[in-house]
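Q: I am new to this structure and would like to be taken through it. Could we begin with the chains and then turn to the details?

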There are 2 protein chains.
Amino acid sequence: MNKQTLFKNIEQKQSFLCIGLDVDIEKIPAHIKQLPDAIFQFNKAIIDATHTYCVAYKPNTAFYECYGVSGWQALQQTIDYIKQNYPDQFIIADAKRGDIGNTSAMYAQAFFKHMQADAVTVAPYMGADSVKPFLNFSDKWVVLLALTSNSSAADFQLQTLADTQPLYKHVLHQSLQWGNADNMMYVVGATQAPLLAEIRKIIPQHFLLVPGVGAQGGSLAEVAQYGLNSSCGLLVNASRSIIYASNDLSFAKAAGREAQKMQLEMAYLLQKFS
Amino acid sequence: MNKQTLFKNIEQKQSFLCIGLDVDIEKIPAHIKQLPDAIFQFNKAIIDATHTYCVAYKPNTAFYECYGVSGWQALQQTIDYIKQNYPDQFIIADAKRGDIGNTSAMYAQAFFKHMQADAVTVAPYMGADSVKPFLNFSDKWVVLLALTSNSSAADFQLQTLADTQPLYKHVLHQSLQWGNADNMMYVVGATQAPLLAEIRKIIPQHFLLVPGVGAQGGSLAEVAQYGLNSSCGLLVNASRSIIYASNDLSFAKAAGREAQKMQLEMAYLLQKFS
């Protein structure tokens, strides 16, 4: 999916909500848990109940890999279901991959060709040649980790370099030489919202994938205030607060209500800051 | 596997060779390629022909994920085969994972519990809470990316911080607070061998996983000279130079010969620097 289509979907739905499909089998309702394809059935119900209110889904690969082969089956089944039934959804494989060039090329094959995701999250530590192989696919995206939502982001990302900028800003500057606003996005945690104004000075046009609203405590209003740009430029992710809104028979309806709540706030924020 | 057992295996085999199972289906011999479980059959033949000369195998997850579900099947089948037939081999899932705490906990489940690997490679960019969940398993290991073998390591890892040390050294110092020489190793590329003496000042006792000998051009002798410690402290990886030594009917024998060549050099180096 290209940037124009993504923005068109955001305008139509008045939503920049991305729903994280981080499915922990221990947390899903008992009547679903007993099914042979429980994870897929849970995802299917969540997707059917929430697709109106969001523009993207972000399955986190860890939550599938932990079940081995059957987990990868559920992941592929979930993505196939979204693509067949809701082809306007932007699909982000949240995989945090990145390796030397010939290996990143294989990861790009895995997520773009085999899995048919629109985007994949990539860790920058290994530098240019670990990221560039992902940029060779048209209408596919790298979502590069810049400033993550966890408190340990301070360990390295906020470390100051000798030229007085923190590492994450160096990642932003450096990666501008690798791709552009049509094939790269950046992860910036909602818990880092006060730094968004500075980040926007470096990458005014890029989309940001923003986790950390909801369970992690970031503020959507603050993210919108400092992060929105002329083509929205934000995908705000919520996972646990939506998919585990309830764990009884009406879990999907509850997820839909939570997604709608966020969509309504987003519609308000899109008006307010446009 | 604990450090004592790993060292015992190294002494017995006079080898600190790790063989990377980065299987590209385009590069495997035609008579194997036509089999329904070609990747596993290729691995099985390579493992049977090389196990005498190495102490570890390192399947790189990218080369399996690129085939989706069937790739994960081949990966699990390969690990199961090694564990059943050669239980003294140390198995490293080269996965370069790392995410916020609850997600890294799922990756740890995936690789340590489900897949039964001994170690997993982890990217440090997200900091302490992305690494610590992997350290909660006894006799299992984190192999943290420190200074990788690719030229783009210069983009971030070699950047100087305000306190005048490069980022990779900060990663070493910081991570010493998370684990110890019994549950953490570090990736240091063979192409970075001249820096090994400095690295050994910070982490004298830890094992290092060293890729970049062979296809990437690093020198085994130089790695041994600066990297060996009193319990060897090195696992040197070779992938392409061994597994693609030949692509005719005798590919496995050729792989065995290449592995043996490295083992013999290692036996010599172990004597020389002990």
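**How the two chains relate**

A: This is a predicted model. In it, chain A is superposed on chain B by a rotation of 180° with 0.0 Å of shift along the axis, and the RMSD is 0.0 Å. The two copies are thus related as by a two-fold rotation axis.

Q: How many residues does each chain bring to the contact?
A: Chain A gives 52 residues and chain B gives 52 residues. On the side of chain A that touches chain B, the elements giving two or more residues are α4 (62-65), α5 (69-85), β3, α6, α7, α8 (153-156) and α9 (167-175) of chain A.

Q: Which element gives the largest share of that side of chain A?
A: That is α6(A), with 7 residues. By class, the side of chain A that touches chain B has 24 nonpolar, 22 polar and 6 charged residues.

Q: What is the surface through which the copies meet?
A: Of the interface residues of chain A, 100% are also interface residues in chain B, so the copies meet through the same surface.

Q: Back to α6 of chain A: what should its span be, and what is the distance between its ends?
A: Helix α6 of chain A covers residues 101-114, which is 14 residues. At 1.5 Å a residue it should span 20 Å, and its end C-alpha atoms are 19 Å apart, which agrees.

Q: Which of its residues are buried?
A: In α6(A), the buried residues are A:T103, A:S104, A:M106, A:Y107, A:A108, A:A110, A:F111 and A:F112.

Q: And what do the buried residues of α6(A) pack against?
A: They pack against β3 (90-97), β4 (119-122) and α7 (128-131) of chain A, together with α4 (62-65) of chain B.

Q: What follows α6(A)?
A: A:Q116 follows α6(A), and its phi is positive, near 65°.

Q: Where is A:Q14, and what is its phi?
A: A:Q14 is in the loop between α1 (3-13) and β1 (17-21) of chain A. Its phi is near 50°, a positive value in a residue other than glycine. A:Q14 is partly exposed, having 17 other C-beta atoms within 10 Å.

Q: What about B:T164: buried or exposed?
A: B:T164 is exposed, because it has 8 other C-beta atoms within 10 Å. It is placed in the loop between α8 (153-156) and α9 (167-175) of chain B, and its phi, near 75°, is a positive value in a residue other than glycine.

Q: A change of topic: what do the strands of chain B form?
A: In chain B, 8 strands close into a barrel in the order β1-β2-β3-β4-β5-β6-β7-β8, with parallel pairing. Ignoring direction, neighbouring strands of this sheet are turned by 30° against each other on average.

Q: How many bridges join β2 to β3 in chain B?
A: There are 2 bridges between strand β2 (residues 56-59) and strand β3 (residues 90-97) of chain B, and these strands run parallel. The bridge partner of B:A56 in β3(B) is B:F90.

Q: Lastly, how far apart are B:R257 and B:T50?
A: They are 207 residues apart in sequence, with 8.1 Å between their C-alpha atoms in space. B:R257 is in helix α13 (residues 251-272) of chain B and counts as partly exposed, with 16 C-beta neighbours inside 10 Å.

Note on methods:
Residues are numbered from 1 along each chain as its sequence is written. Chains are lettered from A and ligands numbered from 1 in the order in which they are written. This is a predicted model: local features need pLDDT of at least 70, side-chain atom pairs count only at pLDDT 80 or more; totals for chains, interfaces and linings use all residues. Helices (H or I, at least four residues) and strands (E, at least two) are DSSP runs, numbered from the N terminus. The expected span of a helix is 1.5 Å times one less than its number of residues. A residue is buried if 20 or more other C-beta atoms lie within 10 Å of its own, exposed if 12 or fewer, and partly exposed in between; C-beta atoms are placed from the backbone. Two residues are in contact if their C-beta atoms, placed from the backbone, lie within 7 Å. Ala, Val, Leu, Ile, Met, Phe, Trp, Tyr, Cys and Pro count as nonpolar, Asp, Glu, Lys and Arg as charged, and the others, Gly among them, as polar. Copies are superposed by least squares on the C-alpha atoms of residues with pLDDT of at least 70 in both. Two strands pair if DSSP finds at least two bridges between them. Axes are lines fitted to C-alpha atoms, for helices over the stretch in contact, and angles run from 0 to 180 degrees between N-to-C directions.
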